[in-house]
Amino acid sequence: MRVGLFVTCLIDLMRPRIGFAALRLLEAAGCEVVVPATQTCCGQPGYNAGARGAAQALARKVLDEFDAFEYVVVPSGSCAGMIRTHYPELLADQPAELARVQRLASRTYELTDFLLNVVKLEKVPGAYNGTVTYHDSCSGLRELDIKAQPRALLAKVAGLKLKEMNEAETCCGFGGTFALKFGEISAHIAERKCGNISASGADAVVLGDLGCMLNIEGRLRRRGDMSTKVLHVAEVLAGVEERPHINANTRG
Amino acid sequence: MQVASMHFKSRAREKLVNRNLQNALNKLQGNFVRGRAQRVAEMDNFEAIRDAASAIRDRVLDRLDVYLEEFERNATARGAEVHWAETHEDVNRIVCELARRHGVRKAVKSKSMVTEECALNDALEAAGIEVLETDLGEYILQLAKEPPSHIVAPVVHKTRDEVSDLFEEKHGTPRKTDIAELTREARERLRGHFISADMGISGANFAIAETGSTLIVTNEGNGRMVTTLPRVHVAITGIEKILPTLEDVATLMRLLPSHGTGQSISNYISVTTGVKGEREHDGPEHFHVILFDGGRTSLVGTELQPMLRCIRCGACMNHCPVYQSVGGHAYGWVYPGPMGSVLTPAYVGLEKALDLPNAATMCNQCGVVCPVKIPLPDLMRKLREQQFARKLKPWTERAAFGAWCWTAQRPAIYAAAAAIGARLLALMGGRDRLIHSIPLAGGWTASRDMPAPQGVTFRELYRRQR
């Protein structure tokens, strides 16, 4: 099965490791994975800022790049939700594109949803020695119903124990540009999330969206927690945990 | 009510460090959020009720003129007088005229957010009429000269200690700290006023077209006294609060108390129909209903129309991480939280509430819990689009999005920019790989670090690998 991987702009810029983890998982599931080289951003920042024209332009670009694939997989509930639930609304008044975009939307999946429900992945390559807690990121949870999928897959990771935190479904305060524009409120919400993560006693928080990861990790470190790991579910499933102190100078 | 929504950010900042408020907001989350979840779990056909309720509200909005006229006919036939008010000035003028006509010197009120929209108390006081709020929370706020901070629990921002101090000062009685004793003291103060008031003023949770009745949902019993004891009753309600039939009321009542306060049913549901009959002992001699527009018709037929389904339960704010952080006063007008972030710009002007539609993480917890399925984040996004289109967003933001969109459509330039960005940010991360301060992104780094990127983009590594 031919799968187009939409890496997302944030993973491209900040954590390529997550993109490679997704690639590895899809290949482990027997997919032929193609990563269109011209991909950039799904347009969500513009969409949520009210820049509808900009969002439409980028939606068309994604549509052209990913139209040909049997499935499109995204290691982010937020970007997958953008394509699945918001693209059809965004191009609703464009009859020429609407049918195409609806087809794209129906074939676009968040990574864990795809692995569990479409390719029905039996075994995962990753192993983890410790206890993790899972944060349900908002768009994945409330737009795509991503809740059981990551947990079912994490249950297959050798050695991994899952301990639920309180308020796992409550927003971490990220909200895209909200985190910049209303930084103090955003950090206040993140602080509550960090408290719940710490109280769970887990040594890592696992989640499926890099935006929320940066927010949660940023706040954990600022409040002095240098040990709780913040991991993308793909990293844990694929077993591509961070090696210490990799940076631009020592890599590649 | 005066609009202070332009000062959302500075007001929010004060609220974040107000410990009393933060404790109070924590309790709200516990009681109302948990309560709602329990009530929803008890209903075996919850989603079906929710669908039915939304459909009823849509049917009303699609034929609002028809139902309003039906209401007027039926209310008038039962002896009520119906008044139409386009603006809040109209509402205040009508109530003051009625007070004059009926020789009113004192009015008692049950809780009404519509009269907060109108600042009715100020208008009545200016006309020389004594006004008393009789809902316990609103009574406390009237003593403290503060606006409500929540549409259902107006005094949620105040601690018990603050109320003890307030009662000691204003009542001149020994300080009490027991909530039951404080409540008794307020009740004793109010009882005489119910008897001596000439006018009772209420809102209406619903106005029922087939009977011409107004209906209020309360817990304290004051509402029933306000609507039955004084010889004049004035009910003031937004025109969107119409329900076609009493059967529709029954459907909506499955959702209103459960989503408002976490109760299966409220202590009182009072339906007021017409004036006191010849052989009846209770009820007003004169019943006036004021149907208030206040910007509502400007939403009919627009992309914001779904907002008019709102039944004012407050679930959206109870579940909102932003409201939970800053409380209601930060929003600067009558309606806080997600519903306020749509209603305030719609009713007082988008340019007077620029922050509100943006002050949301778009987590959609509000949309998920709304009993009448209002897509609140979508509506906030529509308002953001209006801000963008009307150039109400700062030019810097519009330019930034323009540049971002231009670049994102040019993969080669985008890839180069991302490669430079990744390296720069990685360098800024230093040894601990945390960026403590980023120019132009102080909103992020003031109270949070930014984890540094790996330093090379995915696309670069992927090209090297393949």
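Predicted model: local features only at pLDDT ≥ 70, side-chain atom pairs only at ≥ 80, totals over all residues.

Q: Why is the contact of A:Arg100 with A:Asp67 called a salt bridge?
A: The closest N and O atoms of A:Arg100 and A:Asp67 are 2.7 Å apart. A salt bridge needs a side-chain nitrogen of Lys or Arg within 4 Å of a carboxyl oxygen of Asp or Glu, so the pair qualifies. A:Arg100 sits in helix H6 of chain A and A:Asp67 in the loop between helix H4 and strand S3, 33 residues apart.

Q: Why is A:Asp67 called buried?
A: Its relative accessibility is 17%. Buried means under 20%, so A:Asp67 counts as buried.

Q: What makes A:Arg100 partly exposed?
A: A:Arg100 has a relative accessible area of 29%.

Q: Why do B:Asp248 and B:Arg59 count as a salt bridge?
A: Their side chains meet at 3.7 Å, N to O. The limit is within 4 Å, so this pair is a salt bridge too. B:Asp248 lies in helix H12 of chain B and B:Arg59 in helix H3, 189 residues apart.

Q: Is B:Asp248 buried or exposed?
A: B:Asp248 has a relative accessible area of 8%. That is under 20%, so B:Asp248 is buried.

Terms used
Residues numbered from 1 in each chain as written. Chains lettered and ligands numbered in written order. Heavy atoms only, no water. Helix = DSSP H or I, 4+ residues; strand = E, 2+ residues; numbered from the N terminus. Buried < 20%, exposed > 50% of the residue type's maximum accessible area, 1.4 Å probe, protein only.
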